[in-house]
Amino acid sequence: MSDVYIVGADMIAFGRYPDRTYYQLGAEASLKALDDAGLSIKDIGAVYASSCFNAQSMLGQKVLKEIGQTGVPCINVSNACASGATAVREAFIGIKSGIYDAVLVVGSEKNPRGMLGGAPHDGPPPEGLFGSESMPAVFAEAGMVHAAAYGTTIEQFAKVAVKNHQHATMNPKAAYRKETPLDEVLASEMIAWPLTKLMCSANVDGAAALVLVSEKKARELGMSRAVRIRASMLTSDPYEPRNPVMFDANSVTRLAAAKAYEMAGLGPQDLDVVELHDCFATAEILHYENLGLCGEGEAGRLIDSGDTALGGRIPVNVSGGLLSKGHPIGATGVANIVEIVEHLRGEAGARQVSGAKIGLSHVLGFGAAAGVHILEKA
Amino acid sequence: MTTDSLVMPKPATGVIRIGADGRPWIEGFRCGDCGAAFTEQTMACRRCASRNAPEAFRAVDTGKLYSWSVVHRSYPGVAVPFVSAIVDLEDGLTLKGTLRGVDADAVRQGMPVALVFDDAGGARDKDGVPYVGFHFIPRGDA
């Protein structure tokens, strides 16, 4: 079976686009990725389109109506915050199977405003009466399990936000590019202990796109900027005794990571750069261990050490992460891969991870799904 | 609990059952093959996939706090702050609820709590029928 290569990768700057539709944002990202690959939409055999809130609206077809209706299959996927990684994985399978030589993946989202979630219920509203269903509270509770087990402190959780906000100052496509010192993170509005507002991801709009090709096509186009997909993995949540009362952010990610490392024939020690799902600062701490970046219970010390900051042993979320680059749900998984591709190509500008050869991207979808991709400079 | 003796309350959430005497309890479901406990009835066991459907049991009302958050901002119209708690009951069932009657600074993993029922914050359906809900309080005997 053919290896699969990324030859086009780009995204629009994340932010708020009140005057544009989600499919216009997706179309712009698609054209940028096609230009990056040196291809036309007429070269593309299929479109894989991801959105959490608009996949059912035929997103892929709407993008093609903006950029050229070639009649190719459009596969529209929705898988919560793992929607983008799911589309990439399906595109990977399409190339791997030999059916297509070149496909377009586009993730696009205009997030609803305000705090996301809060599904309608019969009877009295459950929020406050039966605990909290809000995402900050859910990830606060996941973090408090780590705090109880290992003594992780609010300062350690807050340092994740300090680091990622600092990284975002070097990313022109990040929604928020403002340094936030530790005292500012701790002093911002408390949302759900221990998470302050600056420890919660930024609710923004955005779109990102990738062009995936077969090895044959990559060789035709030239391998100088090509990035090989060493592993593409997607999991659903395995049984956990407290689920679904308590959302389990860990086991679904651990399963995806283990299978991705196996597929790649690599381990966490081989990684040079990581983009992981920092939907909340607590989540990044948990995922350090879930992805094997440190040992069990060592994540608090890992953030203290500075090893996950740019220039450290294993830089994490150099883009600014979901905390400050922003989290347009269905675009996030695609954008995380765009970031890794830029580092492996040596094109990440001021935030470049020096000499990066192998990178990992991870997303976690509530409900649950996890996507892990491991990429290597060809 | 406070309910009109002539009006049978309605469960405010799916895990609550109400006896003929109007007294509520929590119903769990346990797999007879592997022992896993669930808050929902499923067609097969989520853990071991046994096709012997998990069977209903009446949950105990004591447990220990597994995790929590003090929620300061929530959806519009929700009274804050409150303590959102995840509690492991002593019979293996896990519930999420609001922990009341406790200083937020004193909340700790492992603290013993008791399940209590109330009138779900005074909520009524369109016919004026009360809802019965549950919450947790600290248990003083441990």
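**Close-up views of a predicted model**

**View 1. Welcome to the largest nonpolar core.** Of the 87 residues in this core, Phe139(A), Tyr288(A), Leu293(A) and Ile374(A) touch the most other members. Helix α4 (residues 135-150) of chain A gives the most to the core, with seven residues. The model shown here is predicted. A second, separate core has 36 residues, including Val4(A), Phe92(A), Leu210(A) and Ile340(A). In soluble globular proteins, nonpolar side chains tend to be buried together.

**View 2. Meet the surroundings of Tyr288(A).** Setting aside neighbours within four places in sequence, Tyr288(A) is in contact with several residues, among them Lys163(A), Leu276(A), Leu293(A) and Val316(A).

**View 3. Two rings, Phe139(A) and Phe280(A), form a stacked pair.** Their centres are 5.3 Å apart and their planes meet at 25°, so the pair counts as stacked. Phe139(A) sits in helix α4 of chain A, while Phe280(A) belongs to the loop between β9 (273-275) and α9 (281-290), 141 residues apart.

View 4. Tyr239(A) and Phe38(B) are edge-to-face, 6.1 Å centre to centre with 70° between the planes. Tyr239(A) is partly exposed, at 24% relative accessible area, whereas Phe38(B) is buried at 2%.

**View 5. Arginines can lie over rings, too: Arg242(A) lies over the face of Tyr66(B).** Arg242(A) is 3.4 Å from that ring centre. Within chain B, Arg30(B) lies over the face of Phe57(B), at 4.2 Å from the ring centre.

Definitions and conventions: Residues are numbered from 1 along each chain as its sequence is written. Chains are lettered from A and ligands numbered from 1 in the order in which they are written. This is a predicted model: local features need pLDDT of at least 70, side-chain atom pairs count only at pLDDT 80 or more; totals for chains, interfaces and linings use all residues. Side-chain values use heavy atoms; hydrogens and water are left out. A nonpolar core is a set of buried Ala, Val, Leu, Ile, Met, Phe, Trp, Tyr and Cys residues joined through side-chain atoms within 4.5 Å. Buried means under 20% relative accessible area, exposed over 50%, partly exposed in between (1.4 Å probe, protein chains only). Helices (H or I, at least four residues) and strands (E, at least two) are DSSP runs, numbered from the N terminus. Contact means heavy atoms within 4.5 Å. Rings of Phe, Tyr and Trp (its six-membered ring) pair if their centres lie within 6.5 Å; planes under 30 degrees apart count as stacked, over 60 as edge-to-face and the rest as tilted. A charge sits over a ring if NZ of Lys or CZ of Arg is within 6 Å of the ring centre and within 35 degrees of the ring normal.
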